[in-house]
Amino acid sequence: MFSHANKPTIEGGMFSVVQGDAHFHSHPLDTHPRERGLDTLRQHIAPGAFHNSDERYDPPKCHPRTRQAVLGKIMDWIQDPENLRLFLWLYGPAGAGKSAISQTIAEMCQAAGLLVASFFFSRTAVGRNDRAYLISTLSYQLMLSIPEASDQILAVVERDPSIFTRSLEAQIFALIIDPLKSVSLYERNCESMHLRPKLIIIDGLDECGDTKSQKYVLDVLARCSQLPIPLFFLVASRPEHGIRNAFNAEALNSLTISIALDESFHPDDDIRIFLESRFEDIRREHPSGSYLPRDWPSKDAVERLLRKSSGQFIYASTVMKYIESHRHRPTDRLDIILGLSSPGNDTPFAELDALYIQILSSAEEVEKVLTILTFIILDSYLPFERIYVRTLSLVEDILGYTPGDVHVILCDMHAIIHLPALSVQETDRHMAHRLQELRLHHASLGDFLLDRSRSQGFFIDAAKGHADLARCWIKHISTLPPDRIPGLLLDYIMEHCTHAYLTQELMNSLFGFNLQAHIADPLRLGDGPKRVEHFGLWHNFLGWLRKSHDLDPEHTLYRHHLTFLDTWLSLQFARYPDEIRQSLGAALTFSDLFSQTSKAVFEILTHRMESRTARKMRSLDWKIFGLRGYSSAYLNGARLHLIREFLTDPSRARADFVDGDAYSKLAFTMADFLFGSLRQSPLTSQSSLSMYSAKNLSEDSLIPMYDLEGNALRFLPLILPKASKEHELAQLLRDHALQVRSSEVEALHEERLEAASASLQYMKDCGIRIEEHSHIADYTICLVCSDLSRQQVGSDPPKLEAPVDRHPLPRPRFENHLISHNQGDLIPSASLPPKQYKPDSQRKKPLWKRILCLT
């Protein structure tokens, strides 16, 4: 047929050669279609999206011994033979470790023969930042994992090379669903298909194009539910609005199980393991590791890193990459991270900053987003516990938004903000509040936004933010009925003000705000520690107003609000009876001592009152001023300083002004408590520690008499120099304060001598003749006689210090010498430890005893 042909060329076609009864059909180009299809398919995949691609070299994965709970839960879903949920949605905020978990699961399933394919999206990598190569890349890997389907897949590509330009829905049917269905029709293939891997991992879906593309991808993947032998999809992403809606839609909701990377998996425990392990690596591998201090890093440093991580691995990972640099000392770099030294030109949080900038750049209403973030961040920095839950409705009320606005404004911010669902059903009240609260996923986001050098165009000016929030709170409170305003809301206004610029808008708001209406009723402010914090904030607030502000150089605003406070304080002092009102005011001016002894002072001031009245007065000490030591030393001092300024300014305190008469009255009360009962008591041979009748002490008092007397003795040297000259007080001091019994030489020795010295000076100032005095029974030391002896012989006065050879009696334990409330008497002094003296032969009488008048 072709015998005379000259170099014929034949392309394509099928030839039949007949030899006898056998027919042979030959396809000369049999291998070409498969190779061409494979080449075409390779040109339309994103190899960098594979879990083991070189493009993703050293990908993030779970640190050993971490994430055990969540990994176990995912593997249980994968290996469950009765699993009917084709999708597992793993979601969490930015930096929570989703990609590390996906990578670890991919490696585990690859080793176990369970992985069909994977696709790791990345918004910064071409080919991995949109949906174009998704189905073709999955199809290529499926062809390698399930070789039974390879011929059908390649045949489709050979027959229609333009399949990759079709819709995702057309691609998934042509390249995945139809080939798998075709293979499953044959019984032999069907049996082998049951043994083939079935898991496909899609990581970072939120990085695939826009919201519309992300929802489209999920709708297309849901088509795989039609397969007779289903595929299972692990999808990891941030909880973006569009993705949440897609999984909640009817098509996917019944096919999906969700896992939230939240506090239920105890991420702090895993981050602690990670930090401790990486610090050990630094000690072992860093060039300077052998020179690091044994206690480096400190427990406190690790705890601070843990708090800043706030359950998100990205902060801990970023910090450790910075610290472990071999070109720098780890100790120096940790100090920079902790804010103990300046970073200079370093950018230790560059990776974290890039993440925050990328997320905030996606917001359509950036200014409103930053306003809400300002509220969340600065509100979280308030130094006391909030009395409200930061719900969506509250934020909208405070910032003046209409209902629903916050959800719209923050719809793209789920990666950094916990945006509550519109309806939360939770039986546990605390958990319900937690779920309803608008809060940040990243504690370090505040550091980023408040640092201009890091946040750049997203910088939040804290002082301006505090001023704006103070105005918002004032406006909000002004719209509420007075009986519905918690008194402590005033604290939020004052705290924001103390950190704010005094803007014109804020000054106008403060002038128009009637503070007196919110502090007139003290009971609305709460009791105990909250009241103490309130006074501390008033102190700071007034100090802020008193500063020189450009807008208020005459301090008009300060005087305006000072009037409100003075009126309120006068009302509170008026609630005390006249017999102790002046003395209480005088005691309050000694802020440092009063802050340590407030309860004892009230016991002493009311010791002459009828029991019921005394108890009522003592109960007012915290109901009005919070004067029992519930608070921190700072707040305690702040509130007392505030009251002292009022009491010592006659133009402010008026009738409550503390003058010399008030101090002399307080001194007489203290002296009467210490010595006055001696004139009436038959137990003149006992120590005054046992002299005070217990009938008027409050029933809940557990103050030892030792402490009560000691506090009175400590007050006397401070009060007497300020007291006006009163003859009756001077006589009481002359006959009792200047003498010490033999049984009292050991107890409160220093306090007695200091009180005696101040009393002696007071008597001299009063012109009292100290030669005319009487002695109490069983006294050992009399400073009056001592002073007379010094004048007669010209010797030095006795030193007011304990003799060097004295063995002091240990201070009684709390349970010793307590007042017995049941019998109304005292625990016997015999229960105290015995005094220990050296034998007379070993004791040398000190010189100061030789010049004293002894009986």
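Start by selecting Phe564, which sits in helix α27 (residues 556-573). Helices here are DSSP runs of H or I with at least four residues, strands are E runs of at least two, and both are numbered from the N terminus. The model is predicted: local features need pLDDT of at least 70, side-chain atom pairs count only at pLDDT 80 or more, and totals for chains, interfaces and linings use all residues. Residues are numbered from 1 along each chain as its sequence is written, and side-chain values use heavy atoms, with hydrogens and water left out.

Stay on Phe564. Its relative accessible area is 12%, so Phe564 is buried. Buried means under 20% relative accessible area, exposed means over 50%, and partly exposed lies in between (1.4 Å probe, protein chains only).

**Next stop: Thr391**

Select the loop between α16 (366-380) and α17 (392-399); Thr391 lies there. Thr391 has a relative accessible area of 17% and is therefore buried. Show its side chain. A polar contact of 3.2 Å links it to the side chain of Ser393. The Thr391 side chain also reaches the backbone nitrogen of Leu394, at 3.2 Å. A polar contact is a pair of N or O atoms within 3.5 Å; within protein, one must be able to donate a hydrogen and the other to accept it, and residues adjacent in sequence count only if both atoms are side-chain atoms.

**The sheet**

Colour β4, β5, β6, β3 and β7 in that order: these five strands form an open sheet with parallel pairing. Strands pair if DSSP finds at least two bridges between them. At the edges are β4 (115-120) and β7 (256-260), each pairing on one side only. From one strand to the next, the twist averages 15 degrees.

Zoom in on β6 (residues 232-237). Six of six residues are buried, so β6 is largely enclosed by the rest of the structure.

Now look at the neighbours of β6. Strand β3 (residues 87-91) pairs with β6 in the parallel sense over five bridges. Leu88 has Leu234 as its bridge partner in β6, and Trp89 stands opposite Val235. Strand β5 (residues 199-203) also pairs with β6 in the parallel sense, over five bridges. There, Leu199 is partnered by Phe232. Trace the chain from β5 through helix α8 (residues 211-221) to β6: this β-α-β crossover is right-handed. That means the path from the first strand over the helix to the second runs clockwise when the strands point away from the viewer.

**Helices on the sheet**

Select α4 (residues 134-145). It lies across β4 and β5, at about 155 degrees to β4. Then take α9 (residues 241-248), which packs on the sheet, touches β3, β6 and β7, and makes about 150 degrees with the direction of β3. Axes are lines fitted to C-alpha atoms, for helices over the stretch in contact, and angles run from 0 to 180 degrees between N-to-C directions.

**Last stop: the cores**

Show the largest nonpolar core, of 146 residues; Ile372, Leu373, Leu410, Leu438 and Leu449 have the most contacts inside it. Helix α33 (residues 660-675) gives the most to this core, nine residues. A nonpolar core is a set of buried Ala, Val, Leu, Ile, Met, Phe, Trp, Tyr and Cys residues joined through side-chain atoms within 4.5 Å.

How values were computed. Contact means heavy atoms within 4.5 Å.
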